[in-house]
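This briefing goes with the sequence and model displayed below. Please have both at hand while reading.

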Amino acid sequence: MLGTENRNLHYKAFYSDTAQQILTTVAESFKSFVGLLKGIKEGAVTQRPRLPNYRLGGMALVTYTGRSVKPKNGLLK
């Protein structure tokens, strides 16, 4: 997994299905970006796309799956 599991404590805290969802989302963003670049070459897209901006202030959006979130005392754990 890109060698980040040994260096990043936040990454280590994720369940494996949540980490996989993050990687899937980033891969989809870059696949769309590459598709837009191909669209420019074919003339179907007129504006130059920007690299995906999936991080805000050093933090990334995380989608938790149903297995990763459990209710406990009225809160999500």
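The points below run from the whole chain to single residues.

The model is predicted. Its protein chain contains two helices and four strands, arranged along the sequence as α-α-β-β-β-β.

**Whole chain**
- The protein chain has 77 residues, of which 12% count as buried.
- Among contacts in the protein chain with a separation of 6 or more, 32% are between residues 24 or more positions apart.

**Helix α2**
- Helix α2 covers residues 16-42.
- The buried residues in α2 are D17, T18, A19, I22, F33 and G39.
- These buried residues pack against α1, which comprises residues 9-13.
- An α-helix has 3.6 residues a turn, so residues three or four places apart point the same way.
- After α2 comes G43, which has a positive phi near 90°.

- T18 lies in helix α2.
- T18 has a relative accessibility of 0% and therefore counts as buried, the cut-off being under 20%.
- Apart from residues up to four places away in sequence, T18 touches V62, T63, Y64, T65 and S68.
- G39 also belongs to helix α2.
- G39 has a relative accessibility of 7%, so this glycine is buried too.
- With neighbours within four places in sequence set aside, G39 is in contact with A44 and V45.

**The loop between β3 and β4**
- N73 sits in the loop that links β3 (71-72) to β4 (75-76).
- N73 is not a glycine, yet its phi is positive, at about 55°.
- The relative accessible area of N73 is 74%, so N73 is exposed, the cut-off being over 50%.

**Points to check in the viewer**
- Which residues does T18 touch beyond its sequence neighbours? They are V62, T63, Y64, T65 and S68.
- Is N73 buried or exposed? N73 is exposed, at 74% relative accessible area.
- Which helix do the buried residues of α2 pack against? They pack against α1.

How values were computed
Residues numbered from 1 in each chain as written. Predicted model: local features only at pLDDT ≥ 70, side-chain atom pairs only at ≥ 80, totals over all residues. Heavy atoms only, no water. Buried < 20%, exposed > 50% of the residue type's maximum accessible area, 1.4 Å probe, protein only. Contact = heavy atoms within 4.5 Å.
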